[in-house]
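Please read the following report alongside the sequence and the three-dimensional view, which are shown here.

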Amino acid sequence: MPSLHHARAHKAGAFRHPAAYDRLARRARRLHARVVADVAAAGLADGARVLDAGTGPGRVPLAIAAARPGLRVEGIDLSGEMIEHARRLAVDAGVRDRVGFTVSDVADLSYPDGTFDLIVSTLSQHHWADVGGGIRELRRVVKPTGQIWIYDIRFALRRAEAAARAVSPRCDVGKEVVRTGPLSLGLIARLTIRPTG
Ligand SMILES: C[S@@+](CC[C@H](N)C(=O)[O-])C[C@H]1O[C@@H](n2cnc3c(N)ncnc32)[C@H](O)[C@@H]1O
């Protein structure tokens with residue numbers, strides 16, 4: 001599923017055309033639903049802050065906001081076109097006051113240290129030019145009590161896993177296969193990074 005989604009997206013230049021990407025991204029809807037369910041089950045208090053890194057057209061933050069209206073959700077993406085599209089969707093959904101979207105490189109975030117209670121990222125990490133820098137920044141902006149969940153193609157997560165162990169010795173790092181349905185091939189995994197001190 002993700003490789004098809006990916007190859008076609010590139011072929012169609014969809015990463016520069018958010019509406020086209022958004023149509024292709026329907027293939028990932030089961031994974032998105034799983035991410036949203038995981039966030040909804042995380043036991044976060046109202047007012048907690050969640051970041052989606054590499055948000056694309058912002059489908060995950062918008063679905064989190066619908067599932068957990070008390071959370072403050074933000075999405076960042078390198079692509080200005082994706083962020084413009086995500087902002088339009090937030091206006092259409094009437095959630096612009098509690099879902100924010102910002103153009104940013106995951107390896108160069110403008111948030112203060114310890115801003116977020118939970119950080120998620122879906123099918124984006126394998127695009128990051130500087131995986132070590134991305135992991136370092138996510139580690140910096142997550143609260144000491146927070147967690148980082150990176151969902152991506154299982155084999156592509158090796159780089160992030162190695163980077164997490166290298167840049168964050170005071171973290172628990174774990175990886176688990178994510179199955180999104182009865183026909184799931186187990187190609188997707190979640191890397192969990194949890195500060196320990
Ligand atoms: C395959 S799309 C996934 C989008 C969304 N998370 C989803 O699941 O539909 C990958 C996204 O990662 C973004 N991206 C790539 N490198 C990035 C970086 N260094 N910092 C932030 N976003 C990045 C791309 O612009 C693209 O929107």
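Helices (H or I, at least four residues) and strands (E, at least two) are DSSP runs, numbered from the N terminus. This is a predicted model, in which local features need pLDDT of at least 70 and side-chain atom pairs count only at pLDDT 80 or more, while totals for chains, interfaces and linings use all residues. Residues are numbered from 1 along each chain as its sequence is written.

**Overall layout**

The protein contains seven helices and seven strands, and from the N terminus on these elements follow the order α-α-α-β-α-β-α-β-β-α-β-α-β-β. A residue is called buried if 20 or more other C-beta atoms lie within 10 Å of its own, exposed if 12 or fewer, and partly exposed in between, with C-beta atoms placed from the backbone. By that criterion, buried residues make up 41% of the 197 residues in the protein. Two residues are in contact if their C-beta atoms, placed from the backbone, lie within 7 Å. Among the contacts with a separation of 6 or more, 69% come from residues 24 or more positions apart.

**Strand β4 and its partners**

Strand β4 (residues 116-122) is mostly covered, since seven of its seven residues are buried. Two strands pair if DSSP finds at least two bridges between them. Strand β1 (residues 49-53) runs parallel to β4 and is joined to it by three bridges, with L51 having I119 as its bridge partner in β4. Strand β5 (residues 142-153) also runs parallel to β4, and six bridges join the two; here the bridge partner of T122 is Y151 in β5.

L123 counts as buried because it has 25 C-beta neighbours inside 10 Å.

| Helix | Residues | Buried residues |
|---|---|---|
| α3 | 29-40 | L31, H32, R34, V35, V36 and V39 |
| α5 | 80-93 | M82, I83, H85, A86, L89 and A90 |
| α7 | 157-167 | L157, A160, A163 and A164 |

The expected span of a helix is 1.5 Å times one less than its number of residues. Helix α3, with 12 residues, reaches 16 Å from its first C-alpha to its last, close to the 16 Å expected at 1.5 Å a residue. The buried residues of α3 pack against β1, α4 (59-67), β4, β5 and β7.

Helix α5 has 14 residues and reaches 20 Å between its first and last C-alpha, close to the 20 Å expected. Which residues of α5 are buried? They are M82, I83, H85, A86, L89 and A90. These residues cover an arc of only 160° around the axis, which puts them on the same side of α5; the arc is that of the directions from the helix axis to the C-beta atoms. On the other side of α5, G80, V91 and D92 are exposed. Just after α5, G94 takes a positive phi of about 70°.

In α7, the buried residues are L157, A160, A163 and A164. Seen down the axis of α7, the buried residues fall within an arc of 120°, so they line one face of the helix. What covers them includes α6, β5, β6 and β7. An α-helix has 3.6 residues a turn, so residues three or four places apart point the same way.

**Two individual residues**

G75 lies in strand β2 (residues 72-77) and is buried, with 29 other C-beta atoms within 10 Å. Leaving aside its neighbours within four places in sequence, G75 is in contact with D52, T55, G58, P61, A86 and F101. The C-alpha atoms of G75 and P57, which are 18 residues apart along the chain, are separated by 9.2 Å.

R179 is found in the loop between β6 (171-177) and β7 (188-195). Why does R179 count as partly exposed? It has 14 C-beta neighbours inside 10 Å. Beyond its neighbours within four places in sequence, R179 is in contact with S184 and G186. The C-alpha atoms of R179 and R34 are separated by 8.8 Å, although the two residues are 145 residues apart along the chain.

**Around the ligand**

A residue is near a molecule or strand if its C-beta atom, placed from the backbone, lies within 6 Å of it. Of the 21 residues around the ligand, G54, G56, V106, S124 and H127 come nearest. Ala, Val, Leu, Ile, Met, Phe, Trp, Tyr, Cys and Pro count as nonpolar, Asp, Glu, Lys and Arg as charged, and the others, Gly among them, as polar. By these classes, the shell around the ligand has 11 nonpolar, seven polar and three charged residues.
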